[in-house]
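Subject: Structure handover

Hello,

Here is the structure I promised to pass on. Please open it beside this note, and then read on for what turned up.

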There are 2 protein chains.
Amino acid sequence: LEMMSKIVQFKEVGKKIVCVGRNYREHAAELNNPVPSKPMLFLKPTSAYISEGETIKIPKGCSDLNHEVELGIVIGTTARDVPQADAMNYVGGYALGLDMTARDWQAEAKSKGHPWSVAKGFDTSCPISKFIEKEKIPNPNNLDIWLKVNGEMRQSGNTKDMIFPIEHLISFASQCFTLEPGDLLLTGTPSGVSKLNSGDVIQAGLADIIQIQFSVK
Amino acid sequence: LEMMSKIVQFKEVGKKIVCVGRNYREHAAELNNPVPSKPMLFLKPTSAYISEGETIKIPKGCSDLNHEVELGIVIGTTARDVPQADAMNYVGGYALGLDMTARDWQAEAKSKGHPWSVAKGFDTSCPISKFIEKEKIPNPNNLDIWLKVNGEMRQSGNTKDMIFPIEHLISFASQCFTLEPGDLLLTGTPSGVSKLNSGDVIQAGLADIIQIQFSVK
Ligand SMILES: [Mg+2]
Ligand SMILES: [Mg+2]
Ligand SMILES: [Mg+2]
């Protein structure tokens, strides 16, 4: 019970955000990236979190801020080297998040072989919903996920199109880093990412489970 | 006082580890990297921390684990967009740390334009000393820093040879990410990095202030 009330506050108690890149074939293709043979992981700091009512800020010097809507897994129990068959036991709940990306900075980092951390981890780069109870999502591998900008549909996918499903991602990530209660795993974005401008309003949703709204300053 | 006792426990309460790459000219040169025009930042998760008495584990599949001895800054006060002139006010204390690096994985990531997170953030990749009180280091920009493997000197530098001194690093990092109390900033390594093998014993020191020892499993 104490752990449960703790992970509901994952934005405050969580220590890391592990993100998966290129986990939907059509999104890999739209950015001219090869489909990966294993999950590609990167980190955002928890200082990147914002909740509804807070505003996404275009970081100074960024000229191509992109939205990426993603299903988030909130870790419930410490996970290290867990097999895929047990992976779902480590899920504490879910959240709907945006992996905001300074695409111009990321492109420069990629071309120079530099780390992605600033392009992916700037303040307000992780707008996130409230905690979603695990029981509300019996099967996370078959959920419609969508994002609109100013009322226009930009991303419309389903988690069944993930290259690596949830069990695989948790198992793989737990072999790279010990996952701790309250940590978040963002599972990649479907195609349709696009540039945002100041004043844009983003709405996103996960099946009939949750909707979120954020505006861009 | 409450904040002070909190940051002494930075390994437990800190949320992120911000690392600086290529901050010593001779180290940039030894890896054939250009000298950067601004600090190059990346993240390690706090799950990477180990303390003396714990063992560095060569991650499965890594064939070139390297040591990088670094001065760590423990953030004392929330820092966002702070000017260099005020930067030292946000320092809560110091630590001596090792930025353990899977050099083979990092080289592959660099060549493909992939993130560095796994090459830099695996479990045990941040061996760290106990907290060092701020008062013990009147000038962090002039400290001998060294590392021996099995009693043989491998790295011997001084923080005065940093390309970007502490004030610059704190100011710059605080423009990229909000720095929070207990966060650690690792400030880069002098030249002399080398490959480690199972059974090696690492000793490292900072002036006459602290020494640490870790063995490799
Ligand atoms: Mg973190
Ligand atoms: Mg993404
Ligand atoms: Mg380093």
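Which residues coordinate the magnesium ion (ligand 1)? They are Lys15(A) and Lys15(B), each through O, at 2.6 to 2.7 Å. Donors here are N, O and S atoms within 2.8 Å of the metal (3.2 Å for Na, K and Ca); water is not among the atoms, so sites may look incomplete. Lys15(A) sits in the loop between α2 (10–13) and β1 of chain A, and Lys15(B) in the loop between α2 (10–13) and β1 (17–21) of chain B, so the pair joins two chains. Both Lys15(A) and Lys15(B) are buried (under 20% relative accessible area; exposed is over 50%, partly exposed in between; 1.4 Å probe, protein chains only).

Some ground rules. This is a predicted model: local features need pLDDT of at least 70, side-chain atom pairs count only at pLDDT 80 or more, and totals for chains, interfaces and linings use all residues. Residues are numbered from 1 along each chain as its sequence is written, chains are lettered from A and ligands numbered from 1 in the order in which they are written, and side-chain values use heavy atoms, with hydrogens and water left out. Helices (H or I, at least four residues) and strands (E, at least two) are DSSP runs, numbered from the N terminus.

Now the magnesium ion (ligand 3). Glu68(B) (OE), Glu70(B) (OE) and Asp99(B) (OD) coordinate this ion at 2.0 to 2.1 Å. Their spacing in sequence is E-x1-E-x28-D. Glu68(B) lies in the loop between β4 (65–66) and β5 (69–75) of chain B, and Asp99(B) in the loop between β6 (91–98) and β7 (101–102) of chain B, so the pair ties together parts that are 31 residues apart in sequence. Glu68(B) and Asp99(B) are both buried.

Last, the sheet in chain A. Six strands form an open sheet, in the order β2-β1-β12-β5-β6-β9, with mixed pairing (two strands pair if DSSP finds at least two bridges between them). At the edges are β2 (40–44) and β9 (132–133) of chain A, each pairing on one side only. Strands β1 (residues 17–21) and β12 (residues 184–186) of chain A run parallel, joined by three bridges. Val18(A) has Leu185(A) as its bridge partner in β12(A).

Best wishes
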